[in-house]
Amino acid sequence: MSIKFNAVQRANPQNRNEPAKYYANIVGDGKTTLADLAKHAGAMSTVSKADILAVLESTFSKIAEDVADGKIVYVGEYFTLQAGGSSTGEEKEKDVSAASIKSVKAVFRPGKMIKDALKLATYQKKD
């Protein structure tokens with residue numbers, strides 16, 4: 001398997017008068033679901049797909065709960081996940097409140113296992 005990409009034309013945002021250039025744009029190609037992960041794990045072990053799916057559902061539910069509780073969740077050497085966001089600027093520190101928060105997102109940081117896998121990835125232009 002290879003990571004797929006296509007070519008996209010983009011203008012230089014710092015100088016709109018320059019001719020646009022083409023860049024490689026990585027695109028998704030297929031998907032892996034929780035059921036797929038459970039099926040794979042079931043084939044690799046003596047535990048049933050249903051049991052693995054129950055464990056995965058429970059694990060990811062706990063991860064979501066902990067991230068929403070402000071914790072940084074470390075998932076071994078695979079990844080960390082935590083909440084991050086942006087807010088409006090206030091003139092005084094005392095004016096900063098929960099109402100200042102404008103957006104919240106999940107911040108994903110790949111761990112060593114994922115980084116190493118990406119270093120070994122190959123690439124293929126999507127037709």
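Lysine 4 stands opposite glutamine 124 in strand β6. This is a predicted model, in which local features need pLDDT of at least 70 and side-chain atom pairs count only at pLDDT 80 or more, while totals for chains, interfaces and linings use all residues. Residues are numbered from 1 along each chain as its sequence is written, and side-chain values use heavy atoms, with hydrogens and water left out.

Let us begin with the strands. Strands (E, at least two residues) and helices (H or I, at least four) are DSSP runs, numbered from the N terminus. Two strands pair if DSSP finds at least two bridges between them.

Which order do the strands β1, β2 and β6 take in their open sheet? The order is β2-β1-β6, and the pairing is mixed. β2 (21-26) and β6 (123-125) each have a single partner strand, so one side of each is left without a neighbour in the sheet. On average, neighbouring strands here are turned by 40° against each other, direction ignored, using axes that are lines fitted to C-alpha atoms. β1 and β6 run parallel and are joined by 3 bridges, whereas β1 and β2 pair in the antiparallel sense over 6 bridges.

How many residues of β2 are buried (under 20% relative accessible area, with exposed meaning over 50% and partly exposed in between, for a 1.4 Å probe and protein chains only)? The count is 0 among its 6 residues, so β2 is hardly covered.

Another open sheet has 3 strands in the order β3-β4-β5, with antiparallel pairing. Its edges are β3 (73-75) and β5 (101-110), each with a single partner strand. Neighbouring strands of this sheet are turned by 25° against each other on average, direction ignored. Strand β4 (residues 79-87) pairs with β5 over 9 bridges, and leucine 81 stands opposite phenylalanine 108 in β5.

Next come the charged partners. A salt bridge is a side-chain nitrogen of Lys or Arg within 4 Å of a carboxyl oxygen of Asp or Glu, and the whole structure holds 5 of them.

| Salt bridge | Closest N and O atoms |
|---|---|
| Aspartate 29 with lysine 126 | 3.8 Å |
| Glutamate 65 with lysine 62 | 4.0 Å |
| Lysine 62 with aspartate 66 | 2.9 Å |

Lysine 62 and aspartate 66 are 4 residues apart in helix α2, about one helical turn. Lysine 62 counts as partly exposed at 41% relative accessibility, whereas aspartate 66 counts as buried at 13%. Glutamate 65 also lies in helix α2, 3 residues from lysine 62.

Is aspartate 29 buried or partly exposed? Aspartate 29 is partly exposed, with a relative accessible area of 40%, and lysine 126 is partly exposed too, at 38%.

About 220 Å³ of space lies in the largest pocket. The lining consists of 11 residues, those with an atom within 4 Å of a point, and Ser2, Ile3, Lys4, Leu118 and Ala121 lie nearest the centre.

Key:
1 Å grid on protein atoms, 1.4 Å probe; cavity = no way out; pocket = protein on both sides within 12 Å on 5 of 7 lines; lining within 4 Å. Points joined across faces, edges and corners; volume = space filled by probe spheres on them. Axes fitted to C-alpha atoms, helices over the stretch in contact; angles between N-to-C directions.
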